[in-house]
Amino acid sequence: MGLPFFDSAVNRKRDQMIGVDLGSRTTKAVCLLRRGQGFALGGYALVDAPIFDKTLSADLLAEHLKAVAQLLGAKSKAVTLTIGVNDAVVRHTEMPRLSADDMRLVLKHGSRTYLQQELANYIFDCHVVAPVWPERPAKPAESPKALPGPPKQKVLVAGARKQLIDDFVEGARRAGLVADCIVPGLIGPVNAFEKAMPEVFANEAVALVDLGFKNSSICILQQGELVLSRVVAIGGDKLTNGLAETLNVSYAEAEGIKIGMPTEVQAQLESLVLPLGRELRASIDFFEHQQDRPVTQAFITGGPARSEFIVRVLQHEMMIDCKILNPTSFLQMELPPQQASEIEQIAPQLTVALGSALAAL
């Protein structure tokens, strides 16, 4: 499921791709290599995000991407960038059976009709999920009034401000890179999960929970289809700040405690994680009520997923089996020795970057 807003690599098969997840606190980047029918991880980088207020200018992005590319040491100039969950609209709708180009044009001039929101100066892209009505054989005697209306199809729509897309493309250009794709960050875990656990992806109803810095997201998949997605305004930053205030320690100390998890602070951390668990459970309840099908398990990614305690608290509150997803399990490893020894611990943080790179390969 690519769903890129911007794709210059149509019908062009890449051998390498840099995937960059532009996080609020940490940028995660990977170099993905094509190896026959499979893929290899050639390197990764975790870099402090630039300090900015609301928008990342093309100049600031260019300097940041130069530093990321230098750390990766990748030969490829092709890069896929992600747009954060608060800057991208990802929504299901029903649209006429049109070509992708025509659907983008319809959305450009009629976003309120299909997305219940006026989104001026946005760029859109579409992923056709399934037809709303099955194809019908012609029945000459059938009255036109008996038809349900113009044929429609279920579409997953993504959109982002044109200015943001332009800044990303220009920032990559100034860094000496080529922005092949720009992808909603929400889609990254879906792509990575499909490759890492193809059988579960194709046959079960599961929840993918990405624990970010400012926000967390949940995507519920049913037999390979993204049925529901939601962003919750609780992330690792809120957990760390809460611990720092409760324990009267610095932010850096609280971050170490959150991941290391000394037993004496479990009660404080649990009280901070519970609201997130309740919000995630509410999303699962909504899906199960609408689809009349249980969610069998949840897979957790993101920086806070490094804490087994946080995952256990979420499992208790969500009332389903929760597992930490290893998005690199399907990859060959062609990493420098130090990175090879650390990849198992780092892997959950790379999920969005890996999934975004896969969208372009």
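The chain has 11 helices and 15 strands, where helices (H or I, at least four residues) and strands (E, at least two) are DSSP runs numbered from the N terminus. This is a predicted model, in which local features need pLDDT of at least 70 and side-chain atom pairs count only at pLDDT 80 or more, while totals for chains, interfaces and linings use all residues. Residues are numbered from 1 along each chain as its sequence is written, and side-chain values use heavy atoms, with hydrogens and water left out.

Of the 361 residues of the chain, 50% count as buried; the term buried stands for under 20% relative accessible area, exposed for over 50%, and partly exposed for values in between (1.4 Å probe, protein chains only). Contact is taken as heavy atoms within 4.5 Å. Among the contacts in the chain with a separation of 6 or more, 69% are between residues 24 or more positions apart.

The packing of helices may be considered next. Helix 4 (residues 188-196) and helix 11 (residues 351-360) have axes that come within 7 Å and cross at roughly 80 degrees. Such axes are lines fitted to C-alpha atoms, for helices over the stretch in contact, and the angles run from 0 to 180 degrees between N-to-C directions. Helix 4 and helix 11 are therefore roughly perpendicular to each other, given that angles under 35 degrees count as roughly parallel, over 145 as roughly antiparallel, 65 to 115 as roughly perpendicular and the rest as oblique. On the side of helix 4 the contact is made by Gly188, Pro189, Asn191, Ala192 and Lys195, and on the side of helix 11 by Thr351, Val352, Gly355, Ser356, Leu358 and Ala359. By class, this contact has 5 nonpolar, 5 polar and 1 charged residues; Ala, Val, Leu, Ile, Met, Phe, Trp, Tyr, Cys and Pro count as nonpolar, Asp, Glu, Lys and Arg as charged, and the others, Gly among them, as polar.

A search of the whole structure finds 3 aromatic pairs. Rings of Phe, Tyr and Trp (its six-membered ring) pair if their centres lie within 6.5 Å; planes under 30 degrees apart count as stacked, over 60 as edge-to-face and the rest as tilted. Phe193 and Phe201 form a tilted pair, at 6.4 Å centre to centre and with 55 degrees between the planes. Phe193 is buried, with a relative accessible area of 0%, and Phe201 is buried as well, with a relative accessible area of 10%. Phe193 and Phe299 form a tilted pair too, with 4.9 Å centre to centre and 50 degrees between the planes. Phe193 lies in helix 4 and Phe299 in strand 13 (residues 297-302), so this pair ties together parts that are 106 residues apart in sequence. Phe299 counts as buried at 3% relative accessibility. Phe193, Phe201 and Phe299 form one aromatic cluster.

An α-helix has 3.6 residues a turn, so residues three or four places apart point the same way.

Individual residues complete the account. Thr27 lies in strand 3 (residues 26-35) and counts as buried at 1% relative accessibility. Leaving out residues up to four places away in sequence, Thr27 touches Val20, Asp21, Leu22, Ala45, Leu46, Val47, Ala49, His64 and Val68. Thr27 and Ala45 are 18 residues apart in sequence and 8.0 Å apart in space, C-alpha to C-alpha. Lys238 has its place in helix 6 (residues 236-247) and, neighbours within four places in sequence aside, is in contact with Phe213 and Ala233.

Asn121, in the loop between helix 2 (100-115) and strand 7 (122-131), has a positive phi of about 60 degrees although it is not a glycine. Asn121 counts as exposed at 66% relative accessibility. Gln223, in the loop between strand 11 (216-222) and strand 12 (225-232), has a positive phi of about 50 degrees and is not a glycine either.
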